[in-house]
Amino acid sequence: MKKWIMDEWQHAKKHGIALDVDGVSYSDRSPEELWKVMQEGSYMLDYEADSNGRIVALHIDQIEPSNPKRKKRKPNRTK
């Protein structure tokens, strides 16, 4: 996984594609910082294109923390 995300970061950097994680710009940060934050959970990548179909931004959004707290279930109460 690490190689894949590092390749995405390098491609974005090389082509001037904006990169953000949960709305925070990572365009000027190191690939190691990107990798570190992505260890904190599950993320979804979203590619934004301009009107010509050219990718202009890569948005990475957390969809689940790495250690989600389990929801406590209420016990079934019978009369």
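Where is Glu-8 found, and which residues is Glu-8 in contact with, leaving aside its neighbours within four places in sequence?

Author: Please keep in mind that this is a predicted model, in which local features need pLDDT of at least 70 and side-chain atom pairs count only at pLDDT 80 or more, while totals for chains, interfaces and linings use all residues. Residues are numbered from 1 along each chain as its sequence is written, and side-chain values use heavy atoms, with hydrogens and water left out.

Glu-8 is found in helix H1, where helices (H or I, at least four residues) and strands (E, at least two) are DSSP runs, numbered from the N terminus. Leaving aside its neighbours within four places in sequence, Glu-8 touches Leu-45, Tyr-47 and Leu-58, a contact being heavy atoms within 4.5 Å. Leu-58 is 50 residues away from Glu-8 along the chain, and the C-alpha atoms of the two are separated by 9.0 Å. Glu-8 is buried and yet has no salt bridge, for the nearest side chain of opposite charge, that of Lys-3, is 10 Å away.

Side chains of opposite charge can pair when their charged atoms come close. Asp-7 and Lys-3 both lie in H1, four residues apart, which is about one turn of the helix. An α-helix has 3.6 residues a turn, so residues three or four places apart point the same way. Lys-3 is exposed because its relative accessible area is 60%, whereas Asp-7, at 33%, is partly exposed.

From here we can turn to the sheet. Four strands form an open sheet in the order S2-S1-S4-S3, with mixed pairing, and two strands are said to pair if DSSP finds at least two bridges between them. At the edges are S2 and S3 (41–49), each of which pairs on one side only. H1, covering residues 2–14, packs on this sheet and touches S1, S3 and S4, with a direction that makes about 30° with that of S3; such axes are lines fitted to C-alpha atoms, for helices over the stretch in contact, and the angles run from 0 to 180 degrees between N-to-C directions.

Within the sheet, S1 and S4 (residues 55–65) run parallel and are joined by four bridges. S1 pairs with S2 in the antiparallel sense over two bridges, and here Asp-20 stands opposite Ser-25 in S2, while the bridge partner of Val-21 is Val-24. Asp-22 sits in the loop between S1 (18–21) and S2 (24–25), and has a positive phi of about 50° although it is not a glycine.

Helix H2 (residues 31–38) also lies across S1, S3 and S4, running at about 125° to S3. The buried residues of H2 are Pro-31, Leu-34, Trp-35, Val-37 and Met-38. Seen down the axis of H2, these fall within an arc of 165°, so they line one face of the helix, the arc being that of the directions from the helix axis to the C-beta atoms. Glu-32 and Lys-36, on the other side of H2, are exposed. What covers the buried residues of H2 includes H1, S1, S3 and S4, and Val-21 in S1 has Leu-34 and Val-37 among its contacts.

Notes
Buried means under 20% relative accessible area, exposed over 50%, partly exposed in between (1.4 Å probe, protein chains only). Lys and Arg count as positive and Asp and Glu as negative; His and the chain ends are not counted. A salt bridge is a side-chain nitrogen of Lys or Arg within 4 Å of a carboxyl oxygen of Asp or Glu.
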